[in-house]
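Subject: The structure, and what was found in it

Dear colleague,

Here is the structure that I said I would pass on to you.

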Amino acid sequence: MKLTVVGTGYVGLVTGTCFAETGNFVTCVDIDAKKVEKLSSGEITIFEPGLEKLFARNLKDGRLQFTTDLAAGLEDAEVVFLALPTPPGEDGSADLSYILGVSDSIGKLLKDYKVIIDKSTVPVGTAAKVHAAIAKNYSGEFDVVSNPEFLREGVAVDDFMKPDRVVIGTTSERAQKLMNDLYAPFVRQGNPIIFMDEKSAELTKYAANSFLATKISFMNEIAQLCEKLGADVDMVRKGIGTDDRIGKRFLFPGIGYGGSCFPKDVKALIKSSTEVAYDFKILNAVEEVNELQKLHLVSKIKTYYKDALKGKHFALWGLAFKPNTDDIREAPALYIIDALLAAGATVTAFDPEAMKNVQRVLGDSIAFSNDQYSALHHADALIIATEWNEFRTPVFDKLATLLKSKTIFDGRNLFDVDYVRGLGFYYESIGRP
Ligand code: NAD
């Protein structure tokens, strides 16, 4: 098939590349000319494990191309994916201006039947709005399908190539057949394509992310309770995770959820609920707990130094909102940095992939180091904010030599408490004695 993907960020680039990998001819359209130039010349614009190889192969074989020209991108395409941003507006609702702006342009360019597929995360009713925006300028036949994306950054290629499920919201039989053909190579192992109406598909995505965010906030509250009662959250986690109904995944406490999806999707679902006069009580609490949890580690640091952070210098391992990505949107590390700088401390950070992105945002208000150990020079303590695998088994002798004081504040519970304390470190983590 010939496809167009509009928006070439984390979702668009993975979607375009993976569809090219299964033999389709894909044109990716983006408004950012620099990004298009880089991608066209073979330079990948995001860090995502496994993506670069597929990207290079499909670009070379001519199944993947990039343009800023929407009209050229749409030519001959049977399906058009919208993988555009839906950031939170000031009131927390999803900003649909990108989606509806592009839909309006598509309406002016359509000449024949196409399926327009909404891959962005959008509130219930958006498929109808996209339909209306296109129909303003085009009276021919077309379908709008809601096909929310469930990939996780860091394992996005695997998630896309072997999805747990594909959710397709459409009531059109013609669109259903096309979507079935398009996704068939990705569900050969038997994972389902779940067809439903557009509204249910739109809500499914918010329900999934909000449920996961709820799991995280729940465990963060259990961790808070563990700290007050002297219990160990690691034990509680194992104790409950072995129950199939609860499951082992997503039970790790930490420094709050971040990233480009959970915070904005929870906000948007709260807003959607308010609009229909429904008070979504759990989600309000999920958000409130997360706001508090983002600064929990900083509270511990302040308590330890008796609020005298002025002149203290910290080494910070991890900037990305989670491991295996360079994405720093809503990363908890950024909140920790802000709080430390506001209290008069200084920071030297190391992250395997995300330093460039942070430098762009923070400039020279913090220092960066080339490796995890050189960040430790002259630091009063080490703070850990992202659970990159390479931080899990450090050479503790080196830490002891390089740090001014053997002090670790770990927001991701990477180390065994007894072991690290046995080595003479002052070690604080989340929800453990
Ligand atoms: P992103 O910011 O990484 O990418 C969006 C791209 O759209 C950018 O390259 C931008 O230049 C481009 N763009 C903006 N306006 C445009 C226009 N008018 N025409 C063409 N291109 C334009 O965003 P993302 O992380 O890929 O997210 C996209 C959507 O997918 C969002 O709704 C998000 O909630 C959803 N989603 C994201 C993830 C994730 O892990 N990132 C997972 C599932 C769903």
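Between which two helices is the loop in which glycine 254 is found? Glycine 254 sits in the loop between helix 10 and helix 11, where helices (H or I, at least four residues) and strands (E, at least two) are DSSP runs numbered from the N terminus. Before going on, please keep in mind that this is a predicted model, in which local features need pLDDT of at least 70 and side-chain atom pairs count only at pLDDT 80 or more, while totals for chains, interfaces and linings use all residues. Residues are numbered from 1 along each chain as its sequence is written.

Glycine 254 is buried because 26 other C-beta atoms lie within 10 Å; a residue is called buried if 20 or more other C-beta atoms lie within 10 Å of its own, exposed if 12 or fewer, and partly exposed in between, with C-beta atoms placed from the backbone. Leaving aside neighbours within four places in sequence, glycine 254 is in contact with Gly411, Arg412 and Ile430, contact meaning that the C-beta atoms of two residues, placed from the backbone, lie within 7 Å.

The loop between helix 10 (233–241) and helix 11 (262–275) also holds cysteine 261, and the UniProt annotation "active site", from an unreviewed entry, covers Cys261. UniProt positions are given in the numbering used here, feature names are shortened, and annotations may be inferred rather than shown by experiment. Cysteine 261 is buried, because 25 other C-beta atoms lie within 10 Å, and, not counting residues up to four places away in sequence, cysteine 261 touches Thr121 and Asn209.

Lysine 35, which lies in helix 2 (residues 33–40), is partly exposed because 19 other C-beta atoms are within 10 Å, and, apart from neighbours within four places in sequence, lysine 35 is in contact with Thr8, Asp30 and Thr45. Threonine 86 is found in the loop between strand 4 (79–82) and helix 5, and counts as buried because there are 24 C-beta neighbours inside 10 Å. With neighbours within four places in sequence left aside, the contacts of threonine 86 include Ile99, Ser120 and Thr121.

A "binding site" annotation in UniProt (unreviewed entry) also covers a set that includes Phe150, Glu153, Lys205, Gly254 and Lys322. The residues of this set span 173 residues in sequence, and the farthest two C-alpha atoms are 23.7 Å apart, so they do not all gather at one spot. Lysine 205 has its place in helix 9 (residues 198–229) and counts as buried because 24 C-beta neighbours lie inside 10 Å; not counting residues up to four places away in sequence, lysine 205 touches Thr121 and Pro148.

As for the ligand, 26 residues surround it, and the closest are Gly7, Gly9, Val11, Ser120 and Thr121; a residue is near a molecule if its C-beta atom, placed from the backbone, lies within 6 Å of it. Helix 1 (10–21) and helix 5 (97–109) each supply at least two residues of this shell.

Helix 5 also packs against helix 6 (residues 126–135), at an angle of about 35° and with the axes 7 Å apart. Here axes are lines fitted to C-alpha atoms, for helices over the stretch in contact, and angles run from 0 to 180 degrees between N-to-C directions. Among the residues that meet are Ile99 and Ser103 in helix 5, and Val130 and Ala133 in helix 6.

Lastly, two loop residues other than glycine have a positive phi. Aspartate 307, with phi near 70°, lies in the loop between helix 13 (296–304) and strand 9 (313–317), and counts as exposed because 10 C-beta neighbours are inside 10 Å. Asparagine 413, with phi near 50°, is found in the loop between strand 13 (407–410) and helix 17 (417–422), and is buried because 20 other C-beta atoms are within 10 Å.

With best wishes
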